[in-house]
Amino acid sequence: MRIYRFLFETASRQWIEIIKAPSMFEAAKEAKRLASKRAKALSTPITFSFHHIASV
């Protein structure tokens, strides 16, 4: 399992979700599912993108 970070955004808020998945494709499917679920709960559109973090 690998760890992927996605940046989620609404019109007024941004946050990062960490998703564990075997591949980037599976992580993106999970991020899409999570965005759809949260968008319904918040009644607002949510966009997401892969979040790159500078390595130390």
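**Rings and core in a predicted model**

User: What makes phenylalanine 6 count as buried in this predicted model?
Analyst: Its relative accessible area is 2%. Buried means under 20%, so phenylalanine 6 is buried.

User: Why is phenylalanine 50 called partly exposed?
Analyst: Phenylalanine 50 has a relative accessible area of 32%. Buried needs under 20%, and exposed needs over 50%. The value lies in between, so the residue is partly exposed.

User: Why are the rings of phenylalanine 6 and phenylalanine 50 called an edge-to-face pair?
Analyst: Their centres are 5.9 Å apart, and rings pair within 6.5 Å. Their planes stand at 80 degrees. The structure holds five aromatic pairs.

User: What parts does the pair of phenylalanine 6 and phenylalanine 50 tie together?
Analyst: Phenylalanine 6 is in strand β1 (residues 2–9) and phenylalanine 50 in strand β3 (residues 47–50). The pair therefore ties together parts 44 residues apart in sequence.

User: Which residues do ring pairs link into a cluster?
Analyst: The cluster holds Tyr4, Phe6, Phe8, Trp15, Phe48 and Phe50. Arginine 13 lies over the face of tryptophan 15, at 4.5 Å from the ring centre.

User: How many residues has the largest nonpolar core, and which element gives the largest share?
Analyst: This core has 12 residues, among them Tyr4, Phe6, Trp15 and Ala27. Two or more residues come from each of β1, β2 (14–21) and α1. The largest share, five residues, is from α1. Beyond its neighbours within four places in sequence, alanine 27 contacts Tyr4, Phe6, Ile19 and Ala21.

Note on methods: Residues are numbered from 1 along each chain as its sequence is written. This is a predicted model: local features need pLDDT of at least 70, side-chain atom pairs count only at pLDDT 80 or more; totals for chains, interfaces and linings use all residues. Side-chain values use heavy atoms; hydrogens and water are left out. Rings of Phe, Tyr and Trp (its six-membered ring) pair if their centres lie within 6.5 Å; planes under 30 degrees apart count as stacked, over 60 as edge-to-face and the rest as tilted. Helices (H or I, at least four residues) and strands (E, at least two) are DSSP runs, numbered from the N terminus. Buried means under 20% relative accessible area, exposed over 50%, partly exposed in between (1.4 Å probe, protein chains only). A charge sits over a ring if NZ of Lys or CZ of Arg is within 6 Å of the ring centre and within 35 degrees of the ring normal. A nonpolar core is a set of buried Ala, Val, Leu, Ile, Met, Phe, Trp, Tyr and Cys residues joined through side-chain atoms within 4.5 Å. Contact means heavy atoms within 4.5 Å.
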